[in-house]
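Here is a briefing on one protein chain, arranged by topic. Please keep the structure open while reading.

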Amino acid sequence: MKIWIAASLIALTLLTAVGVWAAQPQYLSVDHSVDALMDEATAKAMWKKLLPAARLAKPYPVKKWGFASEVEGGFSSSNTCVVTARAMLLPLRGKLLQFKPHKTATTFDALPGATREQCRELARKKLEEAIQAVVAGLVAT
């Protein structure tokens, strides 16, 4: 009898551990940015880092929703870095996102006399702000 109880406790502990270590939901995220400002891998990493996927999965199921980002801009003739970043929650149909934004946030900024690296950093900051704004709007609802 004691062996059966011990075996049951071990099995229950293992099942609990597996549940705790289960993978977090993964949303589809796509990026359509100017390569000089933002690469796709960086944008996807930002989505992964900033999205509270476990918290959003119930109201916005992974199989029905996804996220998209766009960073546009560059240098003006006066050597000013101009950046616009947009983050969006979009409905998912099959394996494709439909461009019918449910939530959208857009940020923009300009930095006179910037280097290419400073411009890329500004783009990263603006996209982070846009993602945080979309997330704030989703968590609040």
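**Y27 and its surroundings**

Leaving aside neighbours within four places in sequence, Y27 is in contact with L51, A53, L56, A57, Y60, P61, V62, W65 and F67. The model is predicted.

**Y27 in detail**

- Y27 sits in the loop between helix 1 (2-20) and strand 1.
- Its relative accessible area is 10%. Y27 is buried because that value falls under 20%.
- The side chain of Y27 reaches the backbone nitrogen of A57 at 3.4 Å.
- A57 is also one of the contacts of Y27.
- Y27 and G66 are 39 residues apart in sequence. Their C-alpha atoms are 5.5 Å apart in space.

**Largest pocket**

- The volume of the largest pocket is about 150 Å³.
- Eleven residues line the largest pocket. Q26, Y27, W47, K48 and L51 lie nearest its centre.
- Y27 and L51, both named there, are also in contact with each other.
- Which element gives the largest share of the lining of the largest pocket? Helix 2 does, with three residues.
- Strand 1 and helix 2 each supply at least two residues of this lining.
- By class, the lining has six nonpolar, three polar and two charged residues.

**Disulfide**

- The structure holds one disulfide.
- C81 and C119 form it, with their sulfur atoms 2.0 Å apart. The pair links distant parts of the chain, 38 residues apart.
- C81 lies in strand 3 (residues 80-93). C119 lies in helix 4 (residues 116-140).
- The link of C81 and C119 is right-handed, with 75° about the S-S bond.
- Are the two cysteines buried or exposed? C81 has 0% relative accessibility and counts as buried. C119 has 1% and also counts as buried. Both values are under the 20% cut-off, so both residues fall in the buried class.

- S33 is in the loop between strand 1 (28-31) and helix 2 (40-50).
- S33 is buried, with a relative accessible area of 14%.
- What does the side chain of S33 meet at 2.8 Å? The side chain of D31, in a polar contact.
- A polar atom of the S33 side chain also lies 2.9 Å from the backbone nitrogen of V71.
- Leaving aside neighbours within four places in sequence, S33 is in contact with M38, S69, E70, V71 and E72.

**N79: positive phi**

- N79 is in the loop between strand 2 (65-75) and strand 3.
- Phi of N79 is near 65°. That is a positive value in a residue other than glycine.
- N79 has 39% relative accessibility and counts as partly exposed.

**P101: a loop proline**

- P101 is found in the loop between strand 4 (96-97) and strand 5 (103-112).
- With a relative accessible area of 36%, P101 is partly exposed.
- Leaving aside neighbours within four places in sequence, P101 is in contact with M88, L89 and L90.
- P101 and F67 are 34 residues apart along the chain. Their C-alpha atoms are separated by 9.3 Å.
- F67 is also among the contacts of Y27.

Key:
Residues are numbered from 1 along each chain as its sequence is written. This is a predicted model: local features need pLDDT of at least 70, side-chain atom pairs count only at pLDDT 80 or more; totals for chains, interfaces and linings use all residues. Side-chain values use heavy atoms; hydrogens and water are left out. A disulfide is a pair of cysteine sulfur atoms within 2.5 Å. Helices (H or I, at least four residues) and strands (E, at least two) are DSSP runs, numbered from the N terminus. Buried means under 20% relative accessible area, exposed over 50%, partly exposed in between (1.4 Å probe, protein chains only). A polar contact is a pair of N or O atoms within 3.5 Å; within protein, one must be able to donate a hydrogen and the other to accept it, and residues adjacent in sequence count only if both atoms are side-chain atoms. Contact means heavy atoms within 4.5 Å. On a 1 Å grid over the protein atoms alone, a cavity is a set of points where a 1.4 Å probe fits but cannot get out, and a pocket is an open set with protein on both sides within 12 Å along at least five of seven lines; lining residues have an atom within 4 Å of a point. Grid points are joined across faces, edges and corners, and a volume is the space filled by probe spheres set on the points. Ala, Val, Leu, Ile, Met, Phe, Trp, Tyr, Cys and Pro count as nonpolar, Asp, Glu, Lys and Arg as charged, and the others, Gly among them, as polar.
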